[in-house]
Amino acid sequence: MSNNSLAFRHNEEKILSGIIPTKYKKILKHVEGNNILEVGAAEGVLSLLVAKENPNRHVIGLERHSLRYETSIELQKRWAINNCKFIKGEFIENFHLLKGIDTFIGIRTIYYFLHDTDKIFSEISKNCSRLILGGNANRSFGSGAKRSIKGITEISVSGLNPNLDYAPYQKVGRNPNYYASARGMEEIGKKYGYETELLINETNKIDPLYVGTKK
Ligand SMILES: C[S@@+](CC[C@H](N)C(=O)[O-])C[C@H]1O[C@@H](n2cnc3c(N)ncnc32)[C@H](O)[C@@H]1O
């Protein structure tokens, strides 16, 4: 993979000129605290917006993909935002970044954690009181899911809606794409001691969003 992310490429001109896709904006109001870590920050759009919202914040955006990381550095210069730091690296090798973090953000990222999922969320839960996870409607119910999840073909695309019976999907619980769905993200939050503050179910057009908190 040597490209910038699809979401970035689709909106590149707008993003560069400062027009921000709604999908990032609607996450901003759920961010709390002054120390924020985004993992899978890609080209850095969300991390930069979170930093821009509040100059007292310290935001870290971690990304393992070289080109995306480099694009984030360029975007940061272009937008002149100083309270955000981008780091290139693999999350399991950078757990020290979690120290002192209030809000952990992972948008369209946690299904890449694969067999490290439990190890990762165990570390997150020791450090962060707030968890913001975003999924991927296409992976959870669309063509991507159909290709990769055994059993998912039982669910027809025309049946995509938040009131769907998710039982057949739950059967495949450990498949990574499960964590691209609202139910999967909420399950992982609960498992690691977070109470659900917000859960937006996926539709065929809208990505799911989960916000969990710890008292
Ligand atoms: C589908 S992209 C989503 C990008 C962005 N968060 C968004 O919603 O537009 C997922 C990103 O997470 C990064 N990523 C996945 N697992 C990671 C890990 N363990 N450590 C660092 N980056 C990771 C990938 O390189 C990729 O750029």
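Q: What makes helix H9 largely enclosed by the rest of the structure?
A: This is a predicted model, in which local features need pLDDT of at least 70, side-chain atom pairs count only at pLDDT 80 or more, and totals for chains, interfaces and linings use all residues. Residues are numbered from 1 along each chain as its sequence is written. Helix H9 covers residues 182–191, and seven of its 10 residues are buried, so the helix is largely enclosed. A residue is buried if 20 or more other C-beta atoms, placed from the backbone, lie within 10 Å of its own; it is exposed if 12 or fewer do, and partly exposed in between. The buried ones in H9 are Ala182, Arg183, Gly184, Met185, Glu186, Ile188 and Gly189. Just after H9, glycine 193 takes a positive phi of about 85°.

Q: What counts as a helix or a strand here?
A: Both are DSSP runs, numbered from the N terminus: helices are H or I with at least four residues, strands are E with at least two. By that rule the protein chain has nine helices and seven strands.

Q: How do you know which residues are around the ligand?
A: A residue is near a molecule if its C-beta atom, placed from the backbone, lies within 6 Å of it. There are 16 residues around the ligand, and Gly40, Ala42, Arg64, Phe91 and Tyr112 come nearest. The shell divides into seven nonpolar, four polar and five charged residues. Here Ala, Val, Leu, Ile, Met, Phe, Trp, Tyr, Cys and Pro count as nonpolar, Asp, Glu, Lys and Arg as charged, and the others, Gly among them, as polar.

Q: What makes a set of residues a nonpolar core?
A: The set must be buried Ala, Val, Leu, Ile, Met, Phe, Trp, Tyr and Cys residues joined through C-beta atoms within 7 Å. The largest such core has 46 residues, and those with the most contacts inside it include Ile36, Leu37, Phe104 and Ile105. H3 gives the most to this core, with five residues.

Q: Why are S3 and S6 said to stand at the edges of the sheet?
A: The open sheet has seven strands in the order S3-S2-S1-S4-S5-S7-S6, with mixed pairing. S3 and strand S6 (195–200) each have a single partner strand, so one side of each is left without a neighbour in the sheet.

Q: How do you know that S6 and S7 pair?
A: Two strands pair if DSSP finds at least two bridges between them. S6 and S7 have five bridges and run in the antiparallel sense. Threonine 213 in S7 is the bridge partner of glutamate 195. Five bridges also join strand S4 (residues 103–107) to S5, and these strands run parallel.

Q: What makes strand S5 largely enclosed?
A: Five of the five residues of S5 (residues 130–134) are buried, so the strand is largely enclosed by the rest of the structure. Arg130, Ile132 and Gly134 point one way, and Leu131 and Leu133 the other way.

Q: Why is threonine 213 called partly exposed?
A: Threonine 213 has 18 other C-beta atoms within 10 Å, so it is partly exposed. This residue lies in strand S7 (residues 209–213). Leaving aside its neighbours within four places in sequence, threonine 213 is in contact with Ser129, Arg130, Tyr194, Glu195 and Glu197. Contact means that the two C-beta atoms, placed from the backbone, lie within 7 Å.
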